[in-house]
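These are some notes for a colleague who is about to look through the model. Please read the points below with the sequence and the structure open.

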Amino acid sequence: MKKRAPFPHDFVPEPEDAAEQWHELPSRRRFLRLMSASLALAGLSACRKPVEKIMPYVKGLEESVPGLPVFYASTMPHGIHPAGVLVTTFDGRPTKIDGLAVHPAALGGSDIHMQAAVLDLYDPDRSQQPQHAGAGAEWVDFTAAWKKELTQLQSRGGEGLAVLTESFASPTLSRLQQELAVALPGAIRVCWDGIQEESLLEAARAACGQAVYPLAHFARAEVVVCLDADALYGEGEHLRHAHGFAASRALDGNGGSMSRLYVAEPTLTLTGGAADHRLRCEATRVAALASALAAELGRQGLTPFANWPAPHLENAAEERWIAALARDLLAHRGKGLLIAGRRQLAEVHLLLFALNQALGHLGTTLDFMPLAQTALPATADLARLTAKMAAGEITHLVILGGNPAYAAPVDLDFAAALRRVGFSVHLSDRVDETSILTTWHLPAAHFLESWGDCRSVESRLSVIQPMIAPLFASRSAAEVMALLARGEEHHGYDLVRETWKGLLPASGYEKSWRQMLHDGISPLAPASPLQPDLERILAELRQQPAVSSSLDKLEVIFQPSALLDGRYANNAWLQEVPDPVTKIAWDNPARISHELAREAGLANGEMVQLSLNGRSLRIPVWIVPGQAVHSVTLELGYGRTRAGRVGTGVGFDVGVLRSSASPGFAAGATIAPAGGRFPIACAQEYAGMAGRPLVRQAGLEEFRHNPGFARAAVEHPPLKSLWKDHDYKTGYQWGMVIDLNACIGCNACTIACQCENNIPVVGKTQVAKGREMHWIRLDRYFNGTPDDPEMVHQPVACQHCETAPCEQVCPVGATVHDHEGLNVMAYNRCVGTRYCSNNCPYKARRFNFFDYTQKMAELRKMVQNPDVTVRMRGVMEKCTYCLQRLTLAKNKARLEGRRVADGEVRTACQQACPTGAITFGNLLDPESAVSRARASQRSYALLEELNVRPRTCFAARLRNRNPELV
Amino acid sequence: MAQLFKRWSNYVPLILVVVAMLGLATVIGFFSYFGSPRFTDVGYAPQQPVPYSHALHAGDLGMDCRYCHHAIEAAPHANLPPTQTCMNCHEILLPESSRLMPVRESWSTGLPIAWNRIHLLPDYAYFNHSAHLHAGVGCSSCHGLITRMAVVAQAEPLSMGWCLACHRHPESSLRPAGEITSMVWKPDADQARFAAVIMKQNKIAPPQDCSGCHR
């Protein structure tokens, strides 16, 4: 066997790097040398059987069954929006994260970040030990250094010390922060995030007089209005929004009715794609639109808003939209919901709170939940802190998490101010842009390897429990906070237990603690909602001058990318996942409208100079349908200079235009061609369906009149096969139905599949050549006018055709059918002719053009699922319906002497889906969920006229249009 | 002009063809015998770090396989016993034996004993112990008469053809649940009838699809 480098200190290039190296062809001489060497090696290595070692435990583990996964509940912290997770571990090694069904913020669903977080644990670029002044150090060194500083600080009451954290909602962290405040009363505490909902929280505080979070209940809403809010994908609590939204639109669950979603937004988002009515509206004009809605509601009889000053709107279409929306809201009093995005100003949020109250939504679709034990972001505090740092008033600065030198508003010049601090500490998972400026860098522990706790926005408490011992000498934020306050190290477990002694009832503490670790959430009751005082707010808002809705200049809007604020920049899965709207991977071009492109004479990929308030940025542009005319969307998180081997230098740092005064959007920008083009890897360059009914959709009314529209969309002769059919009458016959009415296009399935099935990352050059390896391709189509179309998504993986065209052309029988209807790949038979891929009408097969796995760092390999074969160069691969999960479930059932129950086995995509769009099961069982879904009138087979008889079906999409606006 | 080629040269092409065919048969025969797992793998008996004798423990002392390999009925992988299992007895028995030195070392240092793997399937083949035991395939069907092996050697080729032979006709390998770990069990005259009954009763239908073992 090949000798392995000692784990985990080896640094072999990542596969994406390795793949990139093939960009340049080797010279003839090098080619011959490689060939002769590999021939000689091939001859030698075949002579001997590889020797493998078996290392049994020294002491046996209780409940450990070798080769079977064990699942543990935990929590994934993310600002004030933690989500419960269920982690799959193999022999003590976490390999997959899914949403926890009992946690209110996850409800069993997950997003791309939850799915990809496990890859960060095994990132070979994580820092492995503390650093002092750029040189390696030990934790004892830091403890000793801090002790010395602490004595000095204590003597002056903590004056000169500042602690900068990211926002959090954690009883333990909050308690330790209090402890630090008591020990060093003069110390400054600042909280700031790269992506924050400061204006929303500020508005909510103004409404309730204390820190609260407005929690929306999409499931109870019949009319939802999102103003510049990507509530289903990008905003806080989006998982539960998506879950509730899907529930409110499931025809079966609602007696055949559906909720209606109105969206007004500057840039096309997934929420906009899901909308029944979408209005393009620049972010700057959203305030006017909200005000116009209030005035229209007042005009139509909503008493508190009578005589509300109506701003003038741009055009008649907008006025018609607002009028129809107002009528719909009034017709559904108490069952509507209005929300604005975090980018919007506090006044807009306040106005919507007032509207929600006047329409009777409070207590049903919107609750103000008191926040406790949290740290909430405040840009003003950060500005004050930076000023003090620059003035030399801060002698000691501790930064717990975050990367302010990269992400902080550009006008603060945090990096320059940081250089002036004498003793600075940065806790972070890698040596990043901030770490190189601080005197101390401390490695932060991943949440899968540390103890902690979280509080959801409705105050449900849960614990973060480690799945694995820390891989490196890293500490959690709570451990460092305790070290700061007490001057000595404490283990995270003890710190969390100290906190929970006061939270759980003293009698039976151990039992309830263990039960909570098992369940993943504490039984303690959530907080009750507060009643906001909006009378005063309303009076104040009324006094404000009417906002203008006109916009003659360009505006720039900032929005988080798949990398969020850059924290996931080194996560190759998130870099390579195509953006669901633009389908671009590995880049963040500025998104512009067709109109602007025409006006400025710009084409896709062209470089522009974007100027705002005297600052400028060179960035390529990409034309996106549905973009507001005068909006330019800039995605945060790219252009990192110290992210690691994957993320460094990818994309453009748009933070250079982001100031503390307007972190969400800013008007007054100019755009000018800068000359040159930038290559961009786009995974889907066509926009429409070319007249074929791939995604079938109809209005709700149309569906009621013609329920069979989906199947009638294609005319074809009787489908008779030339082949001798398989007999699919016994055992399990697996099938899948994907409900396009529930799918919001969030990509969670794609990443879940990548994680579950050891799918490699190929890099930007290969994506540009169409060689991405994702087994689930999320097709995105636009229909309607090119400038302002509707967007639909369709996840396409192998359809497991019963008369599969791929099987008929394979010369070596590497892809064949099994008795359960699966189209299976025998990788070891595949010789890589790629005929199958050519013959696949769905283009669902992926080919390994290179060996993407073998050169991976050993650490990176730890994320691989041991139940799935790792494919070699020259081998075709595709969706297997998670064959490993089927085998596991069937075997479990066999051992227990029963059959696999319906719903017992779930594919990775199905488990990840936050809206429950995917149903999977046995088609032979007429009572199974998948059989019922397949029998639904909306179900149809993609390209059924080809008579390949796919096992995966789709359910047509419906839009609940307002008859007034059709 | 005299004939350039003698009369016998008419036979040269024939001889060449015969020689070539013989040569080809030899090469094919050579590789199909010397290259097959039946030659390369059967009998593989590497030196182990501890001279543990199955013949002594499982044979003479009559310990059940599952005393050490306890997870086989539930797990896909057959586990090797932790050092702790050895020490259960050897804390008291032969505590000074030099042959047990690596075991005691492992016990005191906490580092595992690195055994050499004998039964090695390719990484793309997934074998599940629990499924086979549950169906009534005994240990010795694949591992041979372990009770007679002082040093464990591979008894069967474990090649795909060998696996499939049994998946196609499992009748002769199925035994009653109580005899799974027995090394002396032999199919008797009634085996065909017994196998038919148990296969029907337990719905035993060994998969012959690719997906049965490869995923």
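1. Chain A and chain B meet in a contact that takes 32 residues from chain A and 34 residues from chain B, where two residues are in contact if their C-beta atoms, placed from the backbone, lie within 7 Å. On the side of chain A that touches chain B, the elements giving two or more residues are β1 (53-54) and α27 (883-895) of chain A, and α27(A) supplies the largest share, 6 residues. Helices (H or I, at least four residues) and strands (E, at least two) are DSSP runs, numbered from the N terminus. Sorted by class, this side of chain A has 17 nonpolar, 9 polar and 6 charged residues; Ala, Val, Leu, Ile, Met, Phe, Trp, Tyr, Cys and Pro count as nonpolar, Asp, Glu, Lys and Arg as charged, and the others, Gly among them, as polar.

2. Please keep in mind that this is a predicted model, in which local features need pLDDT of at least 70 and side-chain atom pairs count only at pLDDT 80 or more, while totals for chains, interfaces and linings use all residues. Residues are numbered from 1 along each chain as its sequence is written, and chains are lettered from A and ligands numbered from 1 in the order in which they are written.

3. On confidence, the model scores ipTM 0.90 and pTM 0.92. The mean pLDDT (the predictor's confidence in each residue, from 0 to 100) of chain A is 91, with 94% of its residues reaching 70 or more. Over residues 1-24 of chain A, however, the pLDDT is below 50, although this stretch has 48 contacts in the model beyond near neighbours in sequence. Chain B averages a pLDDT of 91, and 100% of its residues score at least 70; within chain B, the lowest confidence is in helix α2 (residues 37-40), at a mean of 86, and the highest is in helix α1 (residues 12-34), at 95.

4. Chain A is divided into domain 1 (131-193 + 377-519), domain 2 (198-370), domain 3 (554-681) and domain 4 (697-720 + 730-963), with bounds that come from an automatic or database domain assignment. The C-alpha centres of domain 1 and domain 2 of chain A lie 37 Å apart, and their contact takes 6 residues from domain 1 and 5 residues from domain 2. Chain B is divided into domain 1 (12-40) and domain 2 (54-80 + 115-212), whose C-alpha centres lie 35 Å apart.

5. Within chain A, the axes of helix α9 (residues 286-299) and helix α11 (residues 346-358) come within 10 Å and cross at roughly 20°; axes are lines fitted to C-alpha atoms, for helices over the stretch in contact, and angles run from 0 to 180 degrees between N-to-C directions. The two helices, α9(A) and α11(A), are therefore roughly parallel to each other, given that angles under 35 degrees count as roughly parallel, over 145 as roughly antiparallel, 65 to 115 as roughly perpendicular and the rest as oblique. Residues of α9(A), including A:Ala290 and A:Leu297, meet residues of α11(A), including A:Val348 and A:Leu355, and the residues of this contact divide into 9 nonpolar, 1 polar and 1 charged.

6. Helix α11(A) also packs with helix α18 (residues 534-543) of chain A, at an angle of about 125° and with their axes 10 Å apart, and that makes α11(A) oblique to α18(A). Among the residues making the contact are A:Phe353 and A:Gln357 of α11(A) and A:Ile537 and A:Leu541 of α18(A), and the residues of the contact divide into 8 nonpolar, 1 polar and 1 charged.
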